[in-house]
Amino acid sequence: EVSWTDESASGIGSADDQLHLVAVRNGVANVMHTGSLRSAQSAEIILPLGAGVVHVYAFFGKADGSQFSSDKYQDVSLT
């Protein structure tokens, strides 16, 4: 599960920005367009990767793909 604070009311991003993830394991990157909106403030994500350490980069983007936020990084151990 991924969660965040929707700061769109303060002018940071838009409520309809979409969550994207890049999951990297063993040098292979998987780009995931989750469809989850910033306004939802959380999403349950199933990573399509086998067991091991996965490096996950999460960021938001406008629906038209014109702008993206900075990313946040977390490593995850899948069993």
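Is K62 buried, partly exposed or exposed? Select K62: its relative accessibility is 27%, so K62 counts as partly exposed. The scale behind that word is simple: buried means under 20% relative accessible area, exposed over 50%, and partly exposed in between, with a 1.4 Å probe and protein chains only.

Before you click on, some ground rules. This is a predicted model, in which local features need pLDDT of at least 70 and side-chain atom pairs count only at pLDDT 80 or more, while totals for chains, interfaces and linings use all residues. Residues are numbered from 1 along each chain as its sequence is written, and side-chain values use heavy atoms, with hydrogens and water left out.

**Stop 1: the whole chain**

Switch to cartoon. You'll find six strands and zero helices, running β-β-β-β-β-β from the N terminus on. Both kinds of element are DSSP runs numbered from the N terminus, with helices being H or I of at least four residues and strands E of at least two.

Now zoom out. The C-alpha trace spans about 40 × 20 × 15 Å along its principal axes. The radius of gyration is 13 Å, which agrees with the value near 12 Å that a compact globule of 79 residues would have. That figure is taken over C-alpha atoms, and the globule rule is 2.2 Å times the number of residues to the power 0.38.

The chain exposes about 5,100 Å², and carbon and sulfur atoms supply 49% of it; the areas come from the Shrake-Rupley method with a 1.4 Å probe, and for residues only the protein chains shown count as cover. Of the 79 residues, 25% count as buried. As for contacts (heavy atoms within 4.5 Å), look at those with a separation of 6 or more: residues 24 or more positions apart account for 54% of them.

**Stop 2: the charges**

Colour by charge, with Lys and Arg as positive and Asp and Glu as negative; His and the chain ends are not counted. There are 4 positive and 9 negative side chains, and the centres of the two sets lie 5 Å apart. Each charge is placed at NZ of Lys, CZ of Arg, CG of Asp or CD of Glu.

Side chains of opposite charge can pair when their charged atoms come close. How many salt bridges does the chain have? The count comes to two, where a salt bridge is a side-chain nitrogen of Lys or Arg within 4 Å of a carboxyl oxygen of Asp or Glu.

The side chains of D17 and K62 meet in a salt bridge at 3.9 Å, N to O. This pair also links distant parts of the chain, with K62 in the loop between β5 (52–61) and β6 (72–78), 45 residues apart from D17. Keep the three residues on screen and you have a network of salt bridges linking D17, R38 and K62.

**Stop 3**

The C-alpha atoms of E7 and R38 are 8.5 Å apart, although 31 residues separate them along the chain. E7 is partly exposed, at 38% relative accessibility.

D16 is in that β1–β2 loop as well and is partly exposed, at 47%. Draw a C-alpha distance from D16 to A40: it comes to 9.1 Å, for residues 24 apart in sequence.

**Stop 4: a buried alanine**

Which residues are in contact with A43, leaving aside its neighbours within four places in sequence? Select E1, V2, W4, L19 and S36 to see them. A43 itself is in strand β4 and is buried, with a relative accessible area of 8%. From A43 to L19, 24 residues apart along the chain, the C-alpha separation is 8.8 Å.

**Stop 5: two positive phi values**

Go to N26, in the loop between β2 and β3. Its phi is near 55°, a positive value in a residue other than glycine, and N26 is exposed, with a relative accessible area of 66%.

Finish at Q41, in the loop between β3 and β4. Phi of Q41 is near 65°, again positive in a residue other than glycine, and Q41 is partly exposed, at 37% relative accessible area.
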